[in-house]
Amino acid sequence: MSELLKGKVAIVTGAGRGIGAMIARRFAKESAKVVVNYANSATEASAVVAEIVKAGGEAISVKGDVSKKQDCIAIFDATEKAFGNADILINNAGLILYKPLAAVAEEEYDRLFAVNVKGTFLTCQLAATRLKEKGVIVNFSSSTTTLALPTYATYVATKGAVEQLSHVFAKEMGAKGIRVNVVSPGPVMTDLFTTGKTEEQIKHMASLSAFNRIGEPVDISNVVT
Ligand code: NAP
């Protein structure tokens, strides 16, 4: 174990699987105490916690749908009960939708904005009073916001909103020494990226990268750490 984050408490939303799970593992390796939030992936979140504890780290899993205010409050309450106030909030939880704008149902639009935008908004709002001074918030956008890819309209609209609220929030939190950043990953090999794509489409996306490959969750956990 390294000690880059020794003494720090980190909440990682959507950390049962995908990029979030890798961030949780990495933070624990750097000696942070980690809160592994999940909405549906209870077994996977427990496995991430078990792996961290087995390696000598400290972690708990907390169920919570980030689109619901009471659930977000419960995530912060559970964090403080287990480890004290958080130093780090990683707003990783997110959904995608691949549909032409004209075909998107109102409920689909609402759900995407509820999780990606409102979820980020709610946890940021709680972090404003409950994160320790000199804390760190990392919100998640996507490189797709600049690519104008057909079927991505609703998704990129949510990520554009996350970027905009993050810029303003960063200025508002400056006085407390709390840093607010956004990461915008390119394609990363997770369920969110691969679902519904053919091998050919994945190869094409890989060819657009300087390294001729799709990113891995570890690429993003390296950036966030
Ligand atoms: P993923 O493998 O599909 O995982 C999504 C995660 O979000 C899961 O852990 C899921 O938890 C969680 N989540 C979904 N709805 C939630 C809710 N209401 N409350 C709490 N957690 C919720 O996706 P990923 O690729 O790791 O994506 C992580 C972040 O990176 C997202 O914000 C995504 O937009 C962004 N991103 C991904 C890529 C990519 O190519 N993969 C590229 C750019 C940006 P449960 O399983 O427990 O529901």
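**Backbone and loop features**

Asn212 has a relative accessible area of 54% and is therefore exposed, the threshold being over 50%. The model is a predicted one.

- Asn212 lies in the loop that joins α7 (199-207) to α8.
- Although Asn212 is not a glycine, its phi is positive, at about 50°.
- Thr151, likewise not a glycine, has a positive phi of about 80°.
- The position of Thr151 is in the loop between β5 and α5, and its relative accessibility of 28% places it in the partly exposed class.

*Other loop residues*

- Tyr152 is also located in the loop between β5 and α5, but with 9% relative accessibility Tyr152 counts as buried.
- Leaving out residues up to four places away in sequence, Tyr152 touches Ile96, Tyr98, Thr144 and Lys197.
- The C-alpha atoms of Tyr152 and Lys99 are 6.7 Å apart in space, while the two residues are 53 residues apart in sequence.
- Asn92 belongs to the loop between β4 and α4 and counts as buried, at 11% relative accessibility.
- Beyond residues up to four places away in sequence, the contacts of Asn92 are Thr13, Gly14, Ile19, Gly20 and Phe140.
- Lys134 sits in the loop between α4 and β5; its relative accessible area is 69%, so Lys134 is exposed.
- With residues up to four places away in sequence not counted, Lys134 touches Lys176, Gly177 and Ile178.
- Lys134 and Arg179 are separated by 45 residues in sequence, and their C-alpha atoms are 7.1 Å apart.

**Helix packing**

Two packed helices are described by the angle between their axes and the distance between the axes.

*α3 with α4*

- Helix α3 (residues 69-83) and helix α4 (residues 106-130) have axes that come within 9 Å and cross at roughly 40°.
- The α3 and α4 crossing is right-handed.
- On the α3 side the contact involves Lys69, Cys72, Ile73, Phe76, Asp77 and Glu80, which meet Leu122, Thr123, Leu126, Ala127 and Arg130 of α4.
- The residues in this contact of α3 with α4 comprise six nonpolar, one polar and four charged.

*α4 with α5*

- The axes of α4 and helix α5 (residues 153-173) also come within 9 Å, with a crossing angle of roughly 10°.
- α4 is therefore roughly parallel to α5.
- The crossing of this pair, α4 and α5, is right-handed.
- From α4, the contact draws on Tyr109, Leu112, Phe113, Asn116, Val117, Thr120, Phe121, Cys124 and Ala128.
- From α5, the partners are Thr154, Tyr155, Ala157, Thr158, Lys159, Ala161, Val162, Leu165, Phe169 and Met173.
- Sorted by class, the α4 and α5 contact has 14 nonpolar, four polar and one charged residues.

*α1 with α2*

- α1 and α2 have axes 10 Å apart and pack at an angle of about 15°.
- The two helices, α1 and α2, are therefore roughly parallel to each other.
- α1 and α2 have a right-handed crossing.
- In this contact, Ala21, Ala24, Arg25 and Ala28 of α1 meet Val48, Glu51 and Ile52 of α2.
- The α1 and α2 contact has five nonpolar and two charged residues, and no polar ones.

**Nonpolar cores**

- The largest nonpolar core has 28 residues, of which Ile23, Phe27, Val34, Val36, Ile90, Phe140 and Val224 touch the most other members.
- At least two residues of this core come from each of β1 (9-12), α1 (18-29), β2 (33-38), α2 (42-54), β4 (88-91), β5 (136-140) and α8 (217-224).
- α1 contributes the most to this core, with six residues.
- Aside from its neighbours within four places in sequence, Val224 is in contact with Ile23, Phe27, Ile90, Val138, Phe140 and Val183.
- Another core, of 24 residues, lies apart from the largest one and includes Val35, Val66, Cys72 and Ile178.

Technical notes
Residues are numbered from 1 along each chain as its sequence is written. This is a predicted model: local features need pLDDT of at least 70, side-chain atom pairs count only at pLDDT 80 or more; totals for chains, interfaces and linings use all residues. Side-chain values use heavy atoms; hydrogens and water are left out. Axes are lines fitted to C-alpha atoms, for helices over the stretch in contact, and angles run from 0 to 180 degrees between N-to-C directions. Helices (H or I, at least four residues) and strands (E, at least two) are DSSP runs, numbered from the N terminus. A crossing is left-handed if the near helix is turned anticlockwise from the far one by less than a right angle, and right-handed if clockwise. Contact means heavy atoms within 4.5 Å. Ala, Val, Leu, Ile, Met, Phe, Trp, Tyr, Cys and Pro count as nonpolar, Asp, Glu, Lys and Arg as charged, and the others, Gly among them, as polar. A nonpolar core is a set of buried Ala, Val, Leu, Ile, Met, Phe, Trp, Tyr and Cys residues joined through side-chain atoms within 4.5 Å. Buried means under 20% relative accessible area, exposed over 50%, partly exposed in between (1.4 Å probe, protein chains only). Angles under 35 degrees count as roughly parallel, over 145 as roughly antiparallel, 65 to 115 as roughly perpendicular and the rest as oblique.
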